2 protein chains.
Amino acid sequence: MSVKHIQLAHGGGGLEMNKLIRELFFNAFDNAILRNEEDAALLNLCGPTAFTTDSFTVSPLFFAGGDIGKLAIAGTVNDLAMMGAEPQYLSLGVIIEEGFALDDLKTIVHSMAEELKKSGAKIVCGDTKVVPKGCADGLFLNTSGVGRIIRPGISAKALKSGDAIIVSGDIGRHGAAILMAREGLELESRLESDCATLWGAVEQLLVHPFEIHAMRDATRGGLSAVLNEWAAASGVNIQLDEAAVPVSDEVRGLCELYGFEPLDLANEGTFVLALPKAQAEGALEVLKRFGHCEQAAIVGEVVGEVVEGLTGPAGKVVLNTPWGSSRYLDLPAGELLPRIC
Amino acid sequence: MSVKHIQLAHGGGGLEMNKLIRELFFNAFDNAILRNEEDAALLNLCGPTAFTTDSFTVSPLFFAGGDIGKLAIAGTVNDLAMMGAEPQYLSLGVIIEEGFALDDLKTIVHSMAEELKKSGAKIVCGDTKVVPKGCADGLFLNTSGVGRIIRPGISAKALKSGDAIIVSGDIGRHGAAILMAREGLELESRLESDCATLWGAVEQLLVHPFEIHAMRDATRGGLSAVLNEWAAASGVNIQLDEAAVPVSDEVRGLCELYGFEPLDLANEGTFVLALPKAQAEGALEVLKRFGHCEQAAIVGEVVGEVVEGLTGPAGKVVLNTPWGSSRYLDLPAGELLPRIC
């Protein structure tokens, strides 16, 4: 009789765990470093390197446009890409609840393997833990990653007055897709998470001589969080033109229904870019033509001083509404949607 | 009113999360790389580098001799040390259950900061997720680590006939301490987990010209798992002298009570070392005099052929009992103690 569900023994460090690791993980992620089976992977790195980590607790595990496996790969690969680093090596930590369906685990692992192909990153080390039923909700993943920095100096602290702010696509789709899945909603039109590996688009930007000041994927806290963190870190003010921010009709509709703000919703395959205004149109063209970012748009700019009527210390984000009014856009507070990623 | 428990908002990517990260984690782990607050930490690495990951789901979170925080630092630092690598940079992924006591989190974070001092490793990046009550059991941690390899070539595949096998201390204490904590046992004498950072002892070994073939900390699956994995990876047989393996009276007593085998019990600060027999006494002296490994002992050797009566293909571990008999020591199967680490 073959095993259909994860058992505690799959995390026990003995026979069953070895079998699971070899038959499932090694087959899916096969590479020479992983096959070494040492306590640590052996890498050869030289020069400036980016190092990042992310845990994934998304619920539900499967959603329109992706699953926790795709998310775990794209998320960490994107964190590296946002630093101008080539995503090279990932670790994978798996915490599985006893009784978890082996078929679901296989689907998720397969989805990770597929997403790795989008950047060429490799999983080179891992760890598997199984906790008794009721001690975790299905499956939690952690991926950490290292990558060679191709373009140094990209930083949340590097924004300058006169920079244009670009978003690479329409915002809020991941948050909206999770909300939809959780509420059991079905829309007539397709709404899918934007969950995607951004390295392809970033690589296109990096081969051009754009003077990129900052890049960040707009995950938890959405566009609002990125812009607020940038404004604070760089000591600048940012003006955002609400009408220019691409939002799909589906996301806008869901937001109206639930009282959410698209600017605060999480994205998992959409990034924000700051570079000198004179280069903005060129970067936009590269993103659209070569980076599969058809919805990319210039949505704001970095300003030395805040618009009239809203003057104050630097570090603010000012939202210019389509009706001609302006207000501060704050860092989101509270928890909109737990377990979004 | 100050917050005493973790709320979902602490994982929301907004104001509350920023406050928690700054006030708790940044203060405890303060260093220049972490303070950069980018999507990824910027490292400067050159040459052969070790990369490893471990998730920690130990229950209970606090036990005699340590807690999940100490374990999470020592565990990953030890994985690097076992590859002959200097533990340099760690990531920290935290999954917290809503309602978790902030004071407990502070104790655990403090314990991590203390343990980092034992090796000089730094936490340079992190991630915090909060899941609703009931979706996780208190707290799960993940640490990944990178470090410069000081002594290349140490490998589970490098054991050679004629190598001596050394253990750095008495075995089974972590497993026994967790068992005791879980069963609510109180022994008259002190039994504490061996949970500890091994870099100090390894560093002492590395400054001497010992020809170290393999090192591994004997965690899940205990000494049995390490020796079986080594024998298989190197295609050799290993003889283990049961009488020479140091086991404390407390561990031995608990094992008799519960029908466990000390050789299968997890350790979290005890490692196994293989090096040419002629260097074994020297290595033992270094471990005892400079490495704080007072219980270190030579416990076996790598042999070309299995002892008489038990001949077979290479890759076996033969246990010679104090009564003159011999038997194969197998890779543990099943799950002795879930959530040991």
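Begin by selecting helix H6 of chain A and helix H9 of chain A, where H6(A) passes H9(A) in a right-handed crossing (a crossing is right-handed if the near helix is turned clockwise from the far one by less than a right angle, and left-handed if anticlockwise). The model on screen is predicted, so that local features need pLDDT of at least 70 and side-chain atom pairs count only at pLDDT 80 or more, while totals for chains, interfaces and linings use all residues. Residues are numbered from 1 along each chain as its sequence is written, chains are lettered from A and ligands numbered from 1 in the order in which they are written, and side-chain values use heavy atoms, with hydrogens and water left out.

**First stop: H6 and H9 in chain A**

H6(A) covers residues 199-207 and H9(A) covers residues 280-290, and the two pack at an angle of about 135° with their axes 9 Å apart. Helices here are DSSP runs of H or I with at least four residues, strands are runs of E with at least two, and both are numbered from the N terminus; axes are lines fitted to C-alpha atoms, for helices over the stretch in contact, and angles run from 0 to 180 degrees between N-to-C directions. H6(A) and H9(A) are therefore oblique to each other, given that angles under 35 degrees count as roughly parallel, over 145 as roughly antiparallel, 65 to 115 as roughly perpendicular and the rest as oblique.

Now show the side chains of Ala201(A), Gln204(A) and Leu205(A) in H6(A), which meet Ala283(A), Val286(A), Leu287(A) and Phe290(A) in H9(A), contact meaning heavy atoms within 4.5 Å. The residues of this contact divide into 6 nonpolar, 1 polar and no charged, where Ala, Val, Leu, Ile, Met, Phe, Trp, Tyr, Cys and Pro count as nonpolar, Asp, Glu, Lys and Arg as charged, and the others, Gly among them, as polar.

**Second stop: the two domains of chain A**

Colour residues 8-149 of chain A as domain 1 and residues 163-328 as domain 2, bounds that come from an automatic or database domain assignment. The contact between these domains takes 22 residues from domain 1 of chain A and 21 residues from domain 2 of chain A. Together the two domains bury about 1700 Å², 65% of it on carbon and sulfur atoms; buried area is the accessible area (1.4 Å probe) that two parts lose on being put together, summed over both. On the domain 1 side, select Ala64(A), Asn78(A) and Met82(A), which supply 32% of the area that this domain buries against domain 2, more than any other three residues.

In chain A, go to the loop between helix H2 (32-35) and S1, where Glu37(A) is placed; phi of Glu37(A) is near 55°, a positive value in a residue other than glycine. Then move along to Pro60(A), in the loop between strand S1 (41-56) and strand S2 (62-63) of chain A, where the peptide bond from Ser59(A) to Pro60(A) is cis, with omega near 0°. In chain B, Ser59(B) and Pro60(B) are joined by a cis peptide bond with omega about 0°.

**Fourth stop: between the chains**

With both chains displayed, look at the contact in which 78 residues of chain B touch 78 residues of chain A. The chains bury about 5900 Å² between them, 56% of it on carbon and sulfur atoms, and in chain B the residues that lose the most area to chain A are Asp39(B), Phe51(B) and Arg220(B), together 15% of what that side buries.

**Last stop: a helix pair in chain B**

Finally, select H5(B) (residues 173-183) and H8(B) (residues 249-258), which pack at an angle of about 60° with their axes 10 Å apart. H5(B) passes H8(B) in a left-handed crossing, and the H5(B) residues Arg173(B), Ala176(B), Leu179(B), Met180(B) and Glu183(B) meet Val251(B), Leu254(B) and Tyr258(B) in H8(B). By class, this contact has 6 nonpolar, no polar and 2 charged residues.
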